[in-house]
Amino acid sequence: MCRATSMATNLAVAVATTAVGCMLVISLAPSRPDTGKSGPAAGRAMAATAGHGGSAARAATSALGAAAASAGPEEFASPTTGRIEVTAPEPGVDYKPNGSFSVAWNNSTGEEVDVWLRTSTGHGRSQRVALVATRAGAGPTGEALVTLPRVPPGPRYFLEVATAGDGDGAVRGFSRTFAITD
């Protein structure tokens, strides 16, 4: 969930309809842990309106607008686009724990990349084991020397080259699987 949506949800516009048909809209402002301020003192005017549906709609729209206005430009940045293709290591080569080798890729995202060691956990799933190269360049081609951590031997390891930043890696490419042997 993006931060703007989360903030809009946290601003929880509570609407209660009475038996007479009046609406009461109350906007609750969450505390702002990043600034130490909360409520209207944090620089946001909150609306509480009693009356007909039009007033309620204006108050709800105002609350949602405050959430959007509080979001920074990084929260509305366009997602990273492009492609990452891992070109090395070659398939069929086994590696040793604590051993080093080269990984190479083509990157059309223009973003720096992180290189992760991953292992297959079965049923089409995998998990990250360790970050083996960080902020490895943003050029159209890249290469990094990675050192494997001490991991259990196994045949289903591979590398993930992913756009750096939040650790999520919006664009990623994967190497072919390789074995780590003793």
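A residue counts as partly exposed when its relative accessible area falls between the buried limit of under 20% and the exposed limit of over 50%. The model described here is predicted. By this scale arginine 172 is partly exposed, because its relative accessible area is 35%. Its partner in a salt bridge is glutamate 160, with the closest N and O atoms 3.1 Å apart. Arginine 172 belongs to strand β13 (residues 172-174) and glutamate 160 to strand β12. The two residues stand 12 places apart, and the pair links distant parts of the chain. Shared partners extend this pairing: salt bridges join Arg118, Arg128, Glu160 and Arg172 into one network.

Glutamate 160 is buried, with a relative accessible area of 0%. Its side chain also meets that of arginine 118 in a salt bridge, at 2.7 Å from N to O. In general, side chains of opposite charge can pair when their charged atoms come close.

Arginine 118 is itself buried, since its relative accessible area of 12% is under 20%. Its side chain makes a further polar contact, at 2.9 Å, with the side chain of serine 126. Beyond residues up to four places away in sequence, arginine 118 touches Ser126, Gln127, Arg128, Val129, Arg156, Tyr157, Phe158, Glu160 and Phe174.

The structure holds 4 salt bridges. One of them joins the side chains of arginine 135 and glutamate 112, at 3.3 Å from N to O. Both residues lie in loops: arginine 135 between β10 and β11, glutamate 112 between β8 and β9. They are 23 residues apart, and this pair too links distant parts of the chain. Arginine 135 counts as partly exposed, at 44% relative accessibility. Glutamate 112 is also partly exposed, with a value of 33%.

Nonpolar packing was examined next. The largest nonpolar core has 22 residues. Within this core, Val103, Trp105, Val115, Leu117, Leu159, Val161 and Phe178 touch the most other members. Elements that give two or more residues to the core are β6 (84-88), β8 (100-107), β9 (113-122), β10 (125-133), β11 (141-147), β12 (154-163) and β14 (178-180). In soluble globular proteins, nonpolar side chains tend to be buried together.

Valine 103 illustrates the packing. Leaving aside neighbours within four places in sequence, valine 103 is in contact with Val86, Ala88, Pro89, Val115, Gly142, Glu143, Ala144, Val146, Leu159 and Val161. Among these partners, Val115, Leu159 and Val161 also belong to the set of core residues that touch the most other members.

Three of the contributing strands, β6, β8 and β11, also form an open sheet. The sheet has the order β6-β8-β11, with antiparallel pairing. Its edge strands are β6 and β11, and each of them pairs on one side only. On average, neighbouring strands of this sheet are turned by 30° against each other, direction ignored. The antiparallel strands β6 and β8 are joined by 4 bridges. Isoleucine 84 has asparagine 107 of β8 as its bridge partner. Strands of a sheet pair through backbone hydrogen bonds, either parallel or antiparallel.

Note on methods
Residues are numbered from 1 along each chain as its sequence is written. This is a predicted model: local features need pLDDT of at least 70, side-chain atom pairs count only at pLDDT 80 or more; totals for chains, interfaces and linings use all residues. Side-chain values use heavy atoms; hydrogens and water are left out. A nonpolar core is a set of buried Ala, Val, Leu, Ile, Met, Phe, Trp, Tyr and Cys residues joined through side-chain atoms within 4.5 Å. Buried means under 20% relative accessible area, exposed over 50%, partly exposed in between (1.4 Å probe, protein chains only). Contact means heavy atoms within 4.5 Å. Two strands pair if DSSP finds at least two bridges between them. Axes are lines fitted to C-alpha atoms, for helices over the stretch in contact, and angles run from 0 to 180 degrees between N-to-C directions. A polar contact is a pair of N or O atoms within 3.5 Å; within protein, one must be able to donate a hydrogen and the other to accept it, and residues adjacent in sequence count only if both atoms are side-chain atoms.
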